[in-house]
Amino acid sequence: MKSKLCCNLERPVPATRSRTWLSLVWVIGCILAFVPSALAGGDAPAWMHALVNVPLPTYDEKTDAVLLYSETNVTVISADKMRTQVREAYKILRPNGREHGTVKVPFDAQSKVSSLRGWCIPAQGKDYEVKEKDAVEQAYAPDFVLASDAKVKTLQIPAPDVGNIVGYEYEVEDRPFFLQDIWDFQKADPARESHYSLQLPAGWEYKVSWLNHPEVKPTEAGNNSWRWTVSDVSEIKKEPEMPPFGGVAGQMVVSFFTSSGRALNANIDWDTMGKWYSDLVGERVDASSEIKQQVATLTASKTTKLQQMQAIAGFVQHDIRYVAIELGIGGFQPHPAPDIFSHHYGDCKDKATLVRSMLREIGVDSYYVLINHERGSVTGEMPAHNGFDHAITAIKLPDGLTDSSLIATVQHPKLGRILFFDPTNDLIPFGQIGGYLQANYGLLVTPTGGELIELPQQPSMMNSIQRTAKLTLDPTGTLRGDVKEVRLGERASSERWRLRTVTKDVDRIKPIEELLGSSLASFHLTHASLINFQQTDQPFGFNYSFESPNYAKSAGNLLLVRPRVIGNKGSGLLETKEPRRFPIEFEEPTRDTDTFEITIPSGYVVDDIPPPVDADYGFASYHSKTVVTGNVVDYTRTFEVKELSVPVSRAEELRKFYRIIASDERNTMVLKPSP
Amino acid sequence: MLLRRVFSTGCCAVSLILAAANFVPVPVFASAGFQPPNPDELKMTSEPLAPGAPAIILYRQVDRDDNAQTPHEDDYIRIKILTEEGRKYADVEIPFFRESEDIVKIRARTVHPDGSIINFEGKVYEKIIEKGRSSHYLAKTFTLQDVEVGSIIEYYFTYDLREHYVYDSHWILSSDLLTKSAAFSLKPYTAYYSTMQLRWTWHDLPIGSVPKQGPDKIVRMEASNIPAFQTEDFMPPANELMSRVDFIYSDELPENNPDKFWKNVGKKRNGQLESFVGKRKAMEDAVAQIVSPSDSPELKLRKIYDRVQQIRNKSYELRKTEQEVKREKEKPVENVEDLWKRGYGNGVQLTWLYLALVRAAGFEAYGCWVSDRREYFFNPKIMEPYKLNANVVLVKLNGKDLYFDPGAEFTPFGLLTWAETGVIGLRLDKDGGTWIQTTLPAASESRMERRANLKLTDTGDLEGKVTVTYTGLEAMYHRLDVRHDDDVAHKKFMEDRLKSQVPAAIEAELVNKPDWSGSGTPLVAEFDIKIPGWAANAGKRVVLPAAIFTEVEKHIFEHANRAYPIYFEYPYEKIDDIAIELPPGWSVNSVPPAQAQDGHVVAYDLKVENRKDTLHLTRKLTVDFLILEPKYYMALRNFFQAVRTGDEEQIVLQPGAASASN
């Protein structure tokens, strides 16, 4: 599997391979005379020396290094044993390329690093060599994982300096959970030449799929082995708000199986993968008497099925603490529901298991959905492979159950209306899903198999800030008044998340101070309170009052007043010299509105107001206007993100869009003394 | 040059290896064990001393026994969970170094508000943090079950320390939670044949808490209501804000008189210094190659300084692997003559070379060990020699004390690194030395000047040339930040720096090659810039802010509450001088009045002049202090609010025939 199911947010990327060690398939090799280099005197092997004078194309000045050569040899020995040999060499072109001198080889309880060596060929002087004994082992799990068998061997190659070539070889023996491998040949640096070889036992077959790269045919190397080659693959430079790396990088997904046993391969298609997961879970969803009792207690006073579901959902969201213990198959297999309940903790798949168990007790069917928390890591076009790192629940809504709070639903042709629910996220109300899940693809696991389905995209209104302010300006330029902010969706949960880590009551006003500080040069908060901080099923909000001295600027006998008092929607995201290469991804649909009523001081009238703005680019829109009625100025604006992705071809439009917003946010009205 | 002391990251730092002793330990401390649930604690839902806290530590106990054969430390902690967020304290991770200790006897339990108890029967995991040939840094992890808001979680464990070693140890009282009550004890190592002595220092302990040694030689202390430690912007080093007791073993005779103590330290260090620099003839020959007899004294000092800075400084090189170091076959530098001949040395050695050379040139000069203020503020009464950790040279010239540290790369002549400025140090001599205080450079010595010639287009864009000049410590730290990077990275670094100073999206292109290698020269960066839509629309008028490079000050001291003092690394100044040419036909309706704020240690001036078809904007911001007590925070916050208000003053323009639009 690409990742364990532990709500993984970000894993360190091994220098050697961008996929993680957990990839189902870990590899083998041995074809093509991949014999571990045996050398005397610490010299780099011949395959590295052969690279010293290879001609290279001209790379741009920002290229840190070039992958001169990469070879991955995967040998499938049996259904439960594989061996992978990797050799790679980089030429360091810039100081930033020094990072390639640090080799990281991940492993875990299912795998063993059986050899590891590295070399440096300096531009001048003798070669360096380092061996496995020079490596250090480190934990290789995110901090939030309490216990994990994931480790990484790190080897530091000497002198990874500009102009030098560093290279390494390693071999990993693996007892894979899945008979699949992913060759990720496109990296953050350009790759000159990359090879991938596969040797299968007699009678075995394979199936490959290419992602983000035209298909390349293999050459047969005999003895049931094949070899693929790609050359001059361009680098993928990181851009802000780009799709996940795995969603844009060239990869080859290869699955293998015996001619008579395709079903042995869980990754042959989505249906088989779903079946595999369903079997892995087995009877772990079965409720204990304690669970039954808890369900009875939770639902006793609930009169409708929806209320019962909400009570169970709230219990698992809030009472079951998130704790991840990822050991061996435990990275994929949830704990039995009774254990989760008695411990009162578990990770994402555990929480999904318990919620399923409890829902079953009230007669509601539900299913696992395996998903990646980064939208775009798995797409509808991709072949079956495990790019999942998170588990949530799909709940089959009882017939006839409708309610306006149930937003995250789809109509399934066989199951009927299903609601998606993430019990790990205790800040998103039952009925909705976070932006990271919307329009994302997940594997719906049913007892009979699985299918890749697209989760719904919620209306932009569901993720919003509605800010209304009633303000008064005095003749000295001081602006004061009251503001009410109502936040929904991620706009609410992000603030709740931030506030829950606050350790002192007095610090709960800090988000408001920072909001005001980003818009007002000078301010004093005279009152502040939170709305529904704990009631996560209700809209969150702030109520506050402030005073801002010198808000209006004097210009002769005029007063200059910026009607957009609070809030910033502009962005310098695309203000770069380099042309954009990848689409711009928004986290979720959004619709924010500001309504500011400003009473101007007596003795003044409005002399001039900024023009209205109406910008609608399809993927997003922005409208603002300033209206004067007597001594009251009403400024209203709406910022809406309608689509989750803006293609590169429209990046320039998005840049213009942000410039229009930035300009409007600076625009000013002019007050003059009454005649 | 800072001399870094190596700290381990575990709970203890190895101090000394002791010979095995025929010593039969007396187990005076048993493991603390669980305490019976206290009804008041069970009922508790909040703590008045920590309103809003996710949890508090009800009680903590640390009992350490440094006997030679079974050294160990028993730790016990009891935590009350007050909010959902506080349940995270049920996940426990105890790091340790396998070479020197193990964690044993872990016991834990959860007590519910109704008094029911759930003993921890789960698994304790061992996590590798880093395991290499010579070190195993691990952690024991476990999580308590059935933890809910209102629960009390408690656990205890024992550090099983390596036999026949003693370790310096520390009682760190501060944590991220309020501690209601705590008790500590340490039974020191003793042996009648050994001169090993234990002494201890403390910092910022709660009122009434002082470590005391009893007749049984055990050091004990109790403490209560220890506030939670928090982080704030511009705060002093955390070590200065945490309550702590540090225990230090030493094989030297005890000395309780600080004056005598430091005399001894000074004599010892002076001996080491003189042994290193005492190569008069070699240094005189070297000086003759650097200076001319006709040079003025200051020029001589400067020439020697520049020459020393040209020598390869190994302290600033990239960390090398064992093989690389071995292959270099570089002999250790034993004295200044070695250094001069071989052409390399570390930062400390280079600074001492400067001392030797200026003495050879006839100057009265002294070596000084000062206390770097990055981690601690030095107090001589607390006799901790390792805190005198940076060396500088004092030269007497025309009755003035001048300080130099050429071993700190890119440090301009006449300045020290920020952490060495304004600190106490020991000027060494054969009698043990005298205390000195290094100078604190004026704000004007570390300056950022931004001069711009810009044009406003009739579409409201601002474009033109900007020259940014960094001097003093401002230049030094830019150079240090990117010293291992190439021109491409330098360019991006400077462009990003400029972009971060403007409160709008900006295009910036560095068009010159700044002098990255110098130390005395200003760092000058020239840019072509464009700020799209900088002018704001006000109907038939157009308005422009009175300042451009204001983004950094926009977010300083936004919050009204402050717990700790405000601490800047060094005084500095920002000066802006900007000319903006208006589009043809445009006129200036009004410019804002001049702004002036003088807050004694901070000052701000802003002026806009209308020079026919060109606007002239000048701005000066001075921050001239290192540390201010929290009581001055509101005044400082008000000052920066006034700065922001001034920066947002508006210039009103009247477009010509073609109206501005953006």
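**Entry 1**

I began with helix 3 of chain B, where B:Arg280, B:Met283, B:Glu284, B:Ala286 and B:Val287 meet B:Ala356, B:Leu357 and B:Ala360 of helix 7 of chain B. By "meet" I mean contact: the C-beta atoms of two residues, placed from the backbone, lie within 7 Å. Helices here are DSSP runs of H or I with at least four residues, strands are runs of E with at least two, and both are numbered from the N terminus.

Sorted by class, this contact has six nonpolar, no polar and two charged residues. For the classes I used Ala, Val, Leu, Ile, Met, Phe, Trp, Tyr, Cys and Pro as nonpolar, Asp, Glu, Lys and Arg as charged, and the others, Gly among them, as polar.

A reminder to myself: this is a predicted model, where local features need pLDDT of at least 70 and side-chain atom pairs count only at pLDDT 80 or more, while totals for chains, interfaces and linings use all residues. Residues are numbered from 1 along each chain as its sequence is written, and chains are lettered from A and ligands numbered from 1 in the order in which they are written.

How far apart are the axes of helix 3 and helix 7 of chain B? I found 8 Å, with a packing angle of about 80° between residues 280-290 and residues 347-360. Axes are lines fitted to C-alpha atoms, for helices over the stretch in contact, and angles run from 0 to 180 degrees between N-to-C directions. The two helices of chain B are therefore roughly perpendicular to each other; that label covers 65 to 115 degrees, with under 35 roughly parallel, over 145 roughly antiparallel and the rest oblique.

Next I asked which residues of helix 3 of chain B are buried. They are B:Met283, B:Ala286 and B:Val287. Buried means 20 or more other C-beta atoms within 10 Å of the residue's own, exposed means 12 or fewer, and partly exposed is in between, with C-beta atoms placed from the backbone.

On the face turned away I noted the exposed residues B:Lys281, B:Ala288 and B:Gln289.

**Entry 1: an eight-strand sheet in chain B**

I then traced an open sheet of eight strands in chain B, in the order 25-26-24-23-30-34-33-32, with mixed pairing. Two strands pair if DSSP finds at least two bridges between them. Strand 25 (507-510) and strand 32 (595-598) stand at the edges with a single partner strand each, so one side of each has no neighbour in the sheet. Neighbouring strands are turned by 15° against each other on average, direction ignored.

Within this sheet, strand 33 (residues 602-611) and strand 34 (residues 614-623) of chain B run antiparallel and are joined by ten bridges. I picked out B:Tyr604, whose bridge partner in strand 34 is B:Leu621. Helix 11 (residues 633-647) of chain B packs on the sheet, touches strand 32, strand 33 and strand 34, and makes about 10° with the direction of strand 33.

**Entry 2: a covered strand in chain A**

Is strand 23 (residues 441-446) of chain A mostly covered or mostly open? I found it mostly covered, with six of its six residues buried. A:Tyr441, A:Leu443 and A:Val445 point one way, and A:Gly442, A:Leu444 and A:Thr446 the other way.

Strand 23 of chain A pairs antiparallel with strand 19 (residues 366-371) over four bridges, and A:Tyr368 stands opposite A:Val445. Six bridges join strand 23 to strand 24 (residues 449-454) of chain A, again antiparallel. These two strands form a hairpin with two residues between them.

**Entry 3: where the chains touch**

Last, I looked between the chains: 59 residues of chain A are in contact with 61 residues of chain B. The chain A side divides into 23 nonpolar, 16 polar and 20 charged residues. Two bridges join strand 6 (residues 136-139) of chain A to strand 7 (residues 125-131) of chain B, which run antiparallel. There, A:Glu137 stands opposite B:Lys131.
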